[in-house]
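Look at the structure, then read on.

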Amino acid sequence: MTDIFSTIIGSPIARRVGVPQPTRLRRYEPGMPLCEGPVLVAGGGRFADGLVTWLGELGIRAIRALDPNPSDSGEATRLGAVVLDLSEARDPQDLDALRVVGAPALRSLARNARVVVIGTDPATLGEVSHVATHRALEGAVRSIAKELRHGATANLVLAQQDSSDGVRSAVEFLLSGRSAYVDGQVIRVDDRTGANADAVRPLAGKVAVVTGAARGIGAEIARVMARDGATVVAVDVPAAGDALAAVANEIRGTALQVDVTAADAGRRIVDHAVTRHGSIDVVVHNAGITRDKLLVNMDESRWGSVMAVNLRSILQLNDAILAPGAMPDGGRIVCVASIAGIAGNRGQTNYGASKAGVIGIVDALSTQLAERGITVNAVAPGFIETDMTARIPFATREIGRRMNSLQQGGTPKDVAETIAWLAQPGAAAVTGQVVRVCGQSLLGA
Ligand code: NAD
């Protein structure tokens, strides 16, 4: 989507006078290599050797150290990514590896490169110095993300002792173009095992329900999940019936016209999905609305409708989907929250409350459903170019769009790719997480 500001700052005059240009992000397309250029796998953690072997299996060149004399061998090779495994760090002194490895490596990054640091989840550590060391990684990685340029991102994976599958899944996502707008994030993985049977179509054989699928982010979630092999049930209000049918036809899914706030919405979604497709393996709670007003002017209808669509409907649909017979063990629930639910936003007490409530659902339900192997996560989009954000007044919109480390808005596809990753069988170790897809927005940072 182009906008007036992009047109102005991308103009030849603006380029000539040196106005900083946002980098065109490398976004995933099927068949694309995981990353462009070799991957430096550094650090003496417990996952590094396994990652080198795995990268080799994918046909990606992994190197364990930088060439100390790059000028002797002609033009220096640009790194596609740096993976620094500090999972065995014991003491704050061990953090010096960030500087020793990072300084030369960061100078050698290609455009759109990735920096992924692996630590140990402080919640699993007892010794105070160990906890301090691994907690310190958060501050370091979020700062690195702010220093990187040219579309490069930095993210942290916090693992448990035996998190090999989870680490691999998270690193694969973070290295790929799927995570183009995920920056400065911390992703915790536990020690559950899981792998994708089909690397190209990781959701093959899965049935996914997507609410609010007629347009915007929801339509893109439906498309990306279908591309990845899922059979999609696209849900939206009857008033959006034509657009909904068009999306469902395009992706060879089925359309279900239902208002998610209706008392029988859960039963109708379950009946449709189970009768037509056999089960619900994945549900994406994406339907959402805004009805902004300062709290002093907030009427009952604005407050009530936002709560009903964005929060109460999810509770009600989950009750139906989690009753026996709909979602098998190993299922996936992914909610669409918002950075407004983390940072709050002026004029959005109703919306901020509803989206923070969604994060509460993720916290509580992920624990309750752990025994069934059902993961519950949320994605919190920042500024995403959709009809919803196109209605924001010009000046506010431009600030929202630029105030992040990647200096641009995200696309619905960026949100969809993160949700599709969380839905993968390989992401079994990721639960109870809120992954922000916001280019490291300063809001809620
Ligand atoms: P959108 O308005 O373009 O699309 C929302 C869809 O949900 C529409 O098709 C609408 O008909 C549907 N919907 C609304 N109420 C419904 C109901 N009661 N039952 C069934 N369907 C219903 O919005 P979007 O920008 O694509 O946003 C999608 C989600 O992402 C929302 O939850 C929103 O809060 C969240 N989000 C968006 C942004 C952004 O920048 N666009 C940022 C943060 C979070």
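An oxygen atom of the ligand sits 2.9 Å from an N or O atom in the side chain of T386. This is a predicted model.

| Residue | Atom of the residue | Distance to a ligand oxygen atom |
|---|---|---|
| T386 | side-chain N or O | 2.9 Å |
| Y351 | polar side-chain atom | 2.5 Å |
| G382 | backbone N or O | 3.3 Å |

Taken alone, the ligand exposes 820 Å². The protein buries 93% of that area. In total, 26 residues surround the ligand. The closest are R215, I217, D236, N286 and Y351. By class, the shell has 14 nonpolar, eight polar and four charged residues.

A search of the whole structure finds two cavities of 30 Å³ or more.

The largest cavity has a volume of about 50 Å³. Its lining includes R26, C35, E36, G80 and L175. Strand β4 (residues 109-120) gives the most to this lining, with four residues. The lining has three nonpolar, two polar and four charged residues.

The second largest cavity has a volume of about 40 Å³. Helix α10 (residues 300-322) gives the most to its lining, with four residues. Here the classes are five nonpolar, four polar and no charged residues. N286 is one of the lining residues, and N286 is also among the residues closest to the ligand.

Definitions and conventions: Residues numbered from 1 in each chain as written. Predicted model: local features only at pLDDT ≥ 70, side-chain atom pairs only at ≥ 80, totals over all residues. Heavy atoms only, no water. 1 Å grid on protein atoms, 1.4 Å probe; cavity = no way out; pocket = protein on both sides within 12 Å on 5 of 7 lines; lining within 4 Å. Points joined across faces, edges and corners; volume = space filled by probe spheres on them. Helix = DSSP H or I, 4+ residues; strand = E, 2+ residues; numbered from the N terminus. Nonpolar A, V, L, I, M, F, W, Y, C, P; charged D, E, K, R; others polar. Near = heavy atom within 4 Å. Polar contact = N/O pair within 3.5 Å; in protein donor to acceptor, adjacent residues only side chain to side chain. Areas by Shrake-Rupley, 256 points an atom, 1.4 Å probe, with all protein chains shown as cover.
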